[in-house]
Amino acid sequence: MVKLLVGHKGSGKTKQMVDMANDSLDKVNGSVVFINKNARLMYDLNYRIRVVCMEDYELITNTDEYIGFILGIVSQDHDIETVYIDSILKHADVKLEDLPVFLERLNAASEKYGPDFVVSLSATAEEIGDCVEKYEILN
């Protein structure tokens, strides 16, 4: 399942996502992964959460490579229950027009391999378009 946190920059999505990730540790039996653009949140997240900083992987430059990267993370640990992706529009040159296909592929990965995905977007539901209706919006 794919869940979305939407809203403009500065609306508190990242703090909400960090709190969700930390709180989820009490409810999951498996692993939690948090993908962020940089290491800025490293100390806000519980040490049991696997933090991935995309600045360390600058060779990932498009959504196909990004999906492959995520599938690689999922394939190395079959116990991953939730993957949090903060500010996806700041990663790998992902643009608003790329979102429908990107989210559909994430959803397919969730159905096939198991983990839920929580994705934050610096845009409103109206700006994203009709594809948002397929996913749960958490805020």
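Predicted model: local features only at pLDDT ≥ 70, side-chain atom pairs only at ≥ 80, totals over all residues.
Student: Let's start with the whole chain. What makes the radius of gyration of the protein agree with a compact globule?

Tutor: A compact globule of 139 residues would have a radius of gyration near 14 Å, and the protein has 14 Å, so the two agree. The C-alpha atoms fill a box of roughly 35 × 30 × 30 Å along the principal axes, and 45% of the 139 residues count as buried.

Student: Which pattern do the helices and strands follow along the sequence?

Tutor: There are 4 helices and 6 strands, and they run β-α-β-β-α-β-α-β-α-β. Among contacts between residues at least 6 apart in sequence, 68% join residues at least 24 apart.

Student: Now helix H2. How do you know that its length is close to the expected one?

Tutor: H2 covers residues 63–76, which is 14 residues. The expected span is 1.5 Å times one less than the number of residues, and that comes to 20 Å for H2. From first C-alpha to last, H2 reaches 20 Å, close to that expectation.

Student: Which residues of H2 are buried, and why are they said to be on the same side?

Tutor: They are Thr63, Tyr66, Ile67, Phe69, Ile70, Ile73 and Val74. These residues cover an arc of only 155° around the axis, which puts them on the same side of H2. An α-helix has 3.6 residues a turn, so residues three or four places apart point the same way.

Student: What do the buried residues of H2 pack against?

Tutor: Their partners are strands E2 (31–36), E3 (50–53), E4 (80–85) and E5 (116–121), together with helix H3 (99–113).

Student: What makes Asn62 a cap for H2?

Tutor: A side-chain oxygen of Asn62 lies 3.0 Å from the backbone nitrogen of Asp64. The cut-off for a polar contact is 3.5 Å, so the pair at 3.0 Å qualifies, and Asn62 caps the N-terminal end of H2.

Student: Why is Ser120 called buried?

Tutor: Buried means under 20% relative accessible area. Ser120, in strand E5, has 0%, so Ser120 is buried. Beyond its neighbours within four places in sequence, its contacts include Leu5, Met17, Ile85 and Ile88.

Student: And why does Cys131 count as buried?

Tutor: Cys131 lies in the loop between helix H4 (125–128) and strand E6 (136–137). Its relative accessibility is 10%, under the 20% cut-off, so Cys131 counts as buried. Leaving aside neighbours within four places in sequence, Cys131 is in contact with Pro100 and Leu103. Pro100 is 31 residues from Cys131 in sequence, yet their C-alpha atoms are 5.6 Å apart.

Conventions. Residues numbered from 1 in each chain as written. Heavy atoms only, no water. Helix = DSSP H or I, 4+ residues; strand = E, 2+ residues; numbered from the N terminus. Buried < 20%, exposed > 50% of the residue type's maximum accessible area, 1.4 Å probe, protein only. Arc of directions from axis to C-beta. Contact = heavy atoms within 4.5 Å. Polar contact = N/O pair within 3.5 Å; in protein donor to acceptor, adjacent residues only side chain to side chain. Rg over C-alpha atoms; globule rule 2.2 N^0.38 Å.
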